[in-house]
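Let's take a walk through this model together. Keep the sequence and the 3D view open as you read.

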Amino acid sequence: MNRTPRRTSFRKLPLASLAGAMASLLIAGPVSAQLVLPEGLDSPLRPYYVQVSQTLSYDSNLFRAQRDEDSDVISSTALTGGFDQQIGRQRVFGNAGVSGNVYQDNDQLNGLGYNLMLGLAWEAGSRLNGTARVRASQNQASFADYGSFSADRTGKNREQANVLDLSAQYGRGVVGLEALANHTDISYSDGGFSSRDRKSSTVGGGLRFRPGGPWSFGLTARFTEGEYPDTVDLNTGETVPDDYDRRDIDLTAQYQATGRSVLSARISHTDEEHDLVTARDFNGITGALNWVYAATGKTTVTTSLSRNTGTGTGSRFLPDEFLAPSDPLAPAPTQTGTVSYLTDARRSDSLNVSANWEATAKIVVNASVGYSRDRYDTRFVEGADDDSDSTGNTKSLRLAASYAISRAWSLGCGLAYYSRDTEISTSTGSFGYDATTAYCSAALRLQ
């Protein structure tokens, strides 16, 4: 049944809440920059920091619907902290953040989210080193990838992610050895999304070749065992696991011709086989290409191109040295600043270009454009099949600016547009959508 569209009005917010939120903008900062923090601190004054932030944001189409769009205003308050401590030759680092979100019109979504990370960078002798990292998060799942479930699309649905990454490297000469391991466990609080729950474990190893000069190369094999634990068998109607095996052979390369340009590439042969939902099987080429170019002393342009399958979404399988900073294997922050592993696609080809301009010593402007060509998973999207009409195009435009008032205080605002075009029509209407978002925020950081 169609719902009557609602228009958001700031007049519906309690006066005290609105006044308090606006006042908070003078003492806080964007959630999108706070909950997913770097592992280290740039030139830290101390090996720890604490930050409080407040954000007011607007979303013209909160539930990413093709019709009956609901707009809303969201107030987000976040408290984050982190540390980066060198202890002899070892380094320990971590961060933790908790955020409270209050929706003006959709108070059923009100709640808390958190992001935690703890890591160790270790060395043993002159040739052996590695990293260990644990991450845990719980946040509202992205409405952009809700498929066509008959479950309530507007209710609270917490995505919980627990990830363990281990890597080790041996050798500092021309040839080195690499080893890696990963465990990922993703689950959703809404029972209608139990078919999206996913677990996987990966081990791998390979060689790193550094011939000198601007080039370095790597060759790695990865082996993954995983499952979607709650999948309906269409033949029996029973809920059983969809177990899968995935094998990747990765060839990586990095080329740094000058201090202004770094090109990183990964091309992989991927073979993925599922026991139950064979439409998810894939045998072919995946990979990523990333180019970071410092056009001037104040302007940096980053271009990323990738292909991956749905089971690869959000899985950081490779050691950090194998990955460019924006490698698409890492889960991307959503417009609300949290990390989302949810995807409707069983294969995606994406292109992203972003430019960062330091207008002054205190003002930074960032603009980006993104495009993704997706083939949808038949179990998540009614009407999607193996034919060409199971694909869709998703586009995004973003513009943001930040102002460092002082060492401790900062302000930021941003605007974004998202659009999905597809021929798929589901029981709830067209699978496409358009949405515009905007935010302003402020932060106080003590370090």
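This is a predicted model: local features need pLDDT of at least 70, side-chain atom pairs count only at pLDDT 80 or more; totals for chains, interfaces and linings use all residues.

Residues are numbered from 1 along each chain as its sequence is written, and side-chain values use heavy atoms, with hydrogens and water left out.

Start with the strands. Helices (H or I, at least four residues) and strands (E, at least two) are DSSP runs, numbered from the N terminus, and two strands pair if DSSP finds at least two bridges between them. Strand β3 (residues 90-103) runs antiparallel to strand β4 (residues 111-124), with 11 bridges. On that pairing, find Val 98 and look across to Tyr 114, its bridge partner in β4. β4 also pairs with strand β5 (residues 128-140), again in the antiparallel sense and over 11 bridges. Here Leu 116 sits opposite Ala 136 of β5. The β4 and β5 hairpin has 3 residues between its strands, and Gly 125 there takes a positive phi near 75°.

Now for the greasy part. Buried means under 20% relative accessible area, exposed means over 50%, and partly exposed is in between (1.4 Å probe, protein chains only). A nonpolar core is a set of buried Ala, Val, Leu, Ile, Met, Phe, Trp, Tyr and Cys residues joined through side-chain atoms within 4.5 Å. The largest one in this model has 12 residues, including Leu 62, Phe 63, Ile 74, Tyr 103, Leu 109 and Phe 143. In soluble globular proteins, nonpolar side chains tend to be buried together. Take Leu 62 as a way in: setting aside residues up to four places away in sequence, Leu 62 touches Asp 70, Asp 72, Tyr 103, Asn 106, Leu 109 and Phe 143, where contact means heavy atoms within 4.5 Å.

How about the charges? A salt bridge is a side-chain nitrogen of Lys or Arg within 4 Å of a carboxyl oxygen of Asp or Glu, and by that rule there are 15 salt bridges. One of them joins Arg 91 and Asp 84, with the closest N and O atoms 2.9 Å apart. Arg 91 is partly exposed at 23% relative accessibility, whereas Asp 84 is buried at 15%. Glu 123 and Arg 89 form another, at 3.1 Å between the closest N and O atoms. That pair links distant parts of the chain, 34 residues apart: Glu 123 is in strand β4, and Arg 89 is in the loop between β2 (72-87) and β3.

Next, look at Arg 246 and Glu 272, whose side chains meet in a salt bridge (3.4 Å, N to O). Arg 246 lies in strand β10 (residues 239-258) and Glu 272 in strand β11, so the pair ties together parts that are 26 residues apart in sequence. Both Arg 246 and Glu 272 are buried. They belong to a salt-bridge network that links Arg 222, Arg 246, Asp 248, Asp 250 and Glu 272.

Ile 267 is in strand β11 (residues 261-274) and is partly exposed, with a relative accessible area of 47%. Its C-alpha atom is 5.4 Å from that of Leu 251, although these residues are 16 apart along the chain. Asp 233 lies in the loop between β9 (215-232) and β10, and is buried at 15% relative accessibility. Leaving aside neighbours within four places in sequence, Asp 233 contacts Glu 238, Val 240 and Leu 276.
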